[in-house]
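These are my notebook entries on what I looked up in the structure.

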Amino acid sequence: MSDHRTVLSLRGATKRFGGLIAVNDLDFDVAEHEVLGLIGPNGSGKSTTLNLISGALPVSGGTISLNSQIISTLPAQQITRRGVARTFQLVRLLPSMTVFENVMAGAVFGHRRRWGHEAEAHVMRMLELVGLDRRAHAHPSELTYIDTKRVELARVLVGDPKVLLLDEWLAGLNPTELEEGISLVRKLRDDGRTIVLVEHVMDAIRSLCDRCVVMSSGVKIAEGATDAVLNDPEVIRAYLGEDDA
Amino acid sequence: MNKSTYSDVLIGVVLLALAACLPWVVGDFAVTLAVNIAMFTVLATSWALFSGPTHYISLATAAFFGLGTYTAGIGLDYLPFWVLIPLAGVFGAVMAGLIGLATLRLSGVYFVIFTLGLAEMTRQVITYIQNATGQKGILISIWFMETTFYWMLVGLAAVIFLVGWLIGRSRLGFALRIIGDDEEVARHSGINTALSKVLLFMIPGAVAAMTGAMMAPRYGYIEPLIAFTPMLSFQVVIMALLGGTGRLWGPIVGVIPFSILWELISASFPNQTTLLLGLCFLAIVYLLPNGFVGLLLKIRARVSQGEGF
């Protein structure tokens, strides 16, 4: 991946909640067209890191930059417009709107803004991509769990973001859905999308991530090619706990 | 889709034209009632433009209305009446913009309390100033026929319906609906939520101030309790909710029956109006949480479902 240029880069990114340091001095880069897994045990600061990148939370220190421009000082909506789009750990759809309108929200206001027929056509393309074109006029309450996740994915894809942040997008799916979900993310990877994947599901991490950054207690404990990282004794120790190792 | 929205506009134009002809058909008492209906149509429709999609309940209508009334009352010594109406609109928009900047970052509940407090505070401040200067109220030196008030209001209503229709088709209107559903999603979709809310909140602010300015000559004599009556803010909310805020024409469906009902209540029970207003509010919230519009859409959905089976 070293032949690709860096798109997203964290330098000393830190988040304090009072006395608690949730993310401590975190450095890593995401290269163009790369799928980077951000993994680690519960409470290790993965989701907080995603919240810092997307601007849901302000950083307490350090910088985050997109294409060498610092974005960590910007509000969330401007970070989205610069080209970082995210899904939410607990799916968040707009309950009063149809699937089509939900995705339209990303098309009208996202990184690449579209309006009118152009936006409508692009929304339909994205719904086809995630396999929901037949449910365009359904309401979120009528959808299965994985379909709500597909809507959210289409909503972030539709703005043509430079970086996609997927926050446990595969969590909570049953085995069949998980397979569908993995192949959908693989399709995005094959399309050359740049993705940061916060994930727990090991099968997904193995089959999707080019590289992984492993966090534990707010710090990075390992980084590298997925297979190497997952066999790293320190990573195994972090996952299993100090006493069991 | 476009065809039906343009036919909506045509229907709107025809209905407004018919409404404008009303004074030639009905008697004096009916025109007085029609002025009230037109006034609340203007206030409730513009209120719903902002509060409908965002679910931020504003109780500041009286503050803007009073601001407009006083703009006309004080300004008549210096400027012609027709200049004072748009001027009041500018003042109302600026005041709404300032309130918006100060409060719209807060969540809904704080916004309700703040707007209520603000309206009361404005009234108290004006009262204080008047007491300090030894002035009691302001006499309005001009006078109009009831029909003139009515036509001014119908004209303003036409403008509001046009603006509301345009907003409904715009990015701003769509942004407001997204904000009302989930503000967090709105932000992460790339919407400047604070700016969108402040911009749209300026519309009911401007409209209520313009309405206040238009109505000043009708009062003849204005003092804080008339211009800034808190009852007005509540009436607007109740009427808009009764009609339903899901559609542009929703509030007017609440305004017409409620204005007539109100006329009866204040004629028959002049001392219990506040109590009865409260009861009406409770009844509407319990029985018609989405107003007549919500009821209509529910019935329509049921009918079309019935056809499907």
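How many residues lie between β1(A) and β2(A) in their hairpin, and which residue in the turn has a positive phi? I found two residues between the strands, and A:G18 in the turn has a positive phi of about 60 degrees.

Before going on I noted that this is a predicted model, in which local features need pLDDT of at least 70 and side-chain atom pairs count only at pLDDT 80 or more, while totals for chains, interfaces and linings use all residues. Residues are numbered from 1 along each chain as its sequence is written, and chains are lettered from A and ligands numbered from 1 in the order in which they are written.

β1(A) is joined to β2(A) by eight bridges, with A:A13 opposite A:L26, and to β4(A) by five bridges, with A:L8 opposite A:L66.

Entry on the six-stranded sheet. I traced a second open sheet in chain A, in the order β6-β7-β8-β3-β9-β10, with mixed pairing. Here β6 (84-86) and β10 (219-225) of chain A are the edge strands, each with a single partner, so one side of each is left without a neighbour in the sheet. β6(A) pairs with β7(A) (residues 163-167) in the parallel sense over three bridges, and A:R86 is placed opposite A:L165.

Entry on helices against the sheets. Taking contact as C-beta atoms, placed from the backbone, within 7 Å, I found that α1(A) (residues 46-54) packs on the six-stranded sheet, touching β3, β6, β7, β8 and β9 of chain A. Helix α9 of chain A (residues 233-240) lies across β9 and β10 of chain A.

Entry on the core. A nonpolar core is a set of buried Ala, Val, Leu, Ile, Met, Phe, Trp, Tyr and Cys residues joined through C-beta atoms within 7 Å, where buried means that 20 or more other C-beta atoms lie within 10 Å of the residue's own, with C-beta atoms placed from the backbone. The largest such core has 158 residues, and A:V103 and B:A209 are among those with the most contacts inside it. Helix α9 of chain B (residues 193-219) gives the most to this core, with 14 residues.

Entry on that helix. Of the 27 residues of α9(B), 22 are buried, so the helix is largely enclosed by the rest of the structure. I located a kink of about 25 degrees at B:A213, shortly before the proline B:P217; the bend at a residue is the angle between axes fitted to the seven residues ending there and the seven starting there. Just after α9(B), B:G220 takes a positive phi of about 75 degrees.

Entry on the chain contact. I recorded 15 residues of chain B in contact with 18 residues of chain A. On the side of chain B that touches chain A, α7(B) gives the most, with five residues.

Key
Two strands pair if DSSP finds at least two bridges between them. Helices (H or I, at least four residues) and strands (E, at least two) are DSSP runs, numbered from the N terminus. Two residues are in contact if their C-beta atoms, placed from the backbone, lie within 7 Å. Axes are lines fitted to C-alpha atoms, for helices over the stretch in contact, and angles run from 0 to 180 degrees between N-to-C directions. A residue is buried if 20 or more other C-beta atoms lie within 10 Å of its own, exposed if 12 or fewer, and partly exposed in between; C-beta atoms are placed from the backbone.
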